[in-house]
Amino acid sequence: MTSSKTVVHVLRHGEVHNPAKILYGRLPGYHLSELGVQMAKAAAQAVADRDITHVVASPLERAQQTAEPIAGQFGLPTAVDDRLIESANWFEGKRVSVGDGSLRDPRNWWVMRDPVTPSWGEAYTVIAKRMYAALEAARVAAEGHEALCVSHQLPIWTLRNHVERKRLWHDPRKRQCGLASLTSFHFEGAKIVGVMYSEPAAHLVAMSPTARTAKGA
């Protein structure tokens with residue numbers, strides 16, 4: 001008996017309106033910028049000819065907005081899966097970036113004591129477990145076809161490292177997970193047989209002054 005082939009595309013949301021430049025994480029009220037809306041449309045165009053039968057997104061507003069044009073063009077509802085949500089982070093609501101001095105502030109050193117777990121946020125192992133469960137649920141929902149999940153940079157990158165059996169702790173600057181990028185997991189039956197990556201909104205990301213320092217991802 002031939003195993004069914006299923007593809008689950010995991011899409012990172014588009015650029016977020018964040019004039020205060022904080023790490024917004026799971027905070028409510030952070031929506032796509034005008035450029036981010038265009039990124040979502042570019043992602044939708046990139047998958048327009050795919051066999052997508054299931055669309056699901058993180059409950060956060062930016063993910064829901066990114067899913068809208070894709071669900072709309074396929075005439076599908078957008079399901080919500082809390083397991084696709086951004087990772088929890090102690091620095092949420094604060095301005096944190098390389099070069100701004102926050103990482104050299106002694107008041108933050110205890111929080112940063114363990115980069116492997118990490119000590120400042122949700123454990124990578126926990127992120128990997130919930131994201132893989134969401135990936136599997138999407139595969140089952142679209143078995144024999146394709147699904148699209150909208151999530152966030154760190155959870156997507158952690159999922160990919162988990163699937164590719166790489167270490168979960170990493171240098172955030174080296175993540176291959178740009179704004180509105182697609183990380184696509186190819187299944188034969190329940191087995192992952194390949195992972196593909198593409199950036200359908202790369203031309204728009206190049207126009208974003210904040211793309212390299214986007215907070216909350």
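S33 sits in the loop between β1 and α1 (34-46); helices (H or I, at least four residues) and strands (E, at least two) are DSSP runs numbered from the N terminus. The model is predicted: local features need pLDDT of at least 70, side-chain atom pairs count only at pLDDT 80 or more, and totals for chains, interfaces and linings use all residues. Residues are numbered from 1 along each chain as its sequence is written, and side-chain values use heavy atoms, with hydrogens and water left out.

**Surroundings of S33**
- S33 is buried, at a relative accessible area of 12% (buried means under 20%, with a 1.4 Å probe and protein chains only).
- Its side chain makes a polar contact with the side chain of E15 at 2.4 Å (a pair of N or O atoms within 3.5 Å, one able to donate a hydrogen and the other to accept it; residues adjacent in sequence count only if both atoms are side-chain atoms).
- Apart from neighbours within four places in sequence, S33 is in contact with E15, V16 and H17 (heavy atoms within 4.5 Å).

**Sheet**
- Six strands form an open sheet of mixed pairing, ordered β3-β2-β4-β1-β5-β6 (strands pair if DSSP finds at least two bridges between them).
- β3 (78-80) and β6 (191-198) are the edge strands, each pairing on one side only.
- β1 (residues 5-12) pairs with β4 (residues 146-151) in the parallel sense over six bridges, and H9 has L148 in β4 as its bridge partner.

**Helices on the sheet**
- α2 (residues 61-74) lies across β1, β2 (52-57), β3 and β4, at about 165 degrees to β2 (axes are lines fitted to C-alpha atoms, for helices over the stretch in contact; angles run from 0 to 180 degrees between N-to-C directions).
- α3 (residues 124-141) lies across β1, β2, β4, β5 (182-188) and β6, at about 130 degrees to β1.

Key: Buried means under 20% relative accessible area, exposed over 50%, partly exposed in between (1.4 Å probe, protein chains only).
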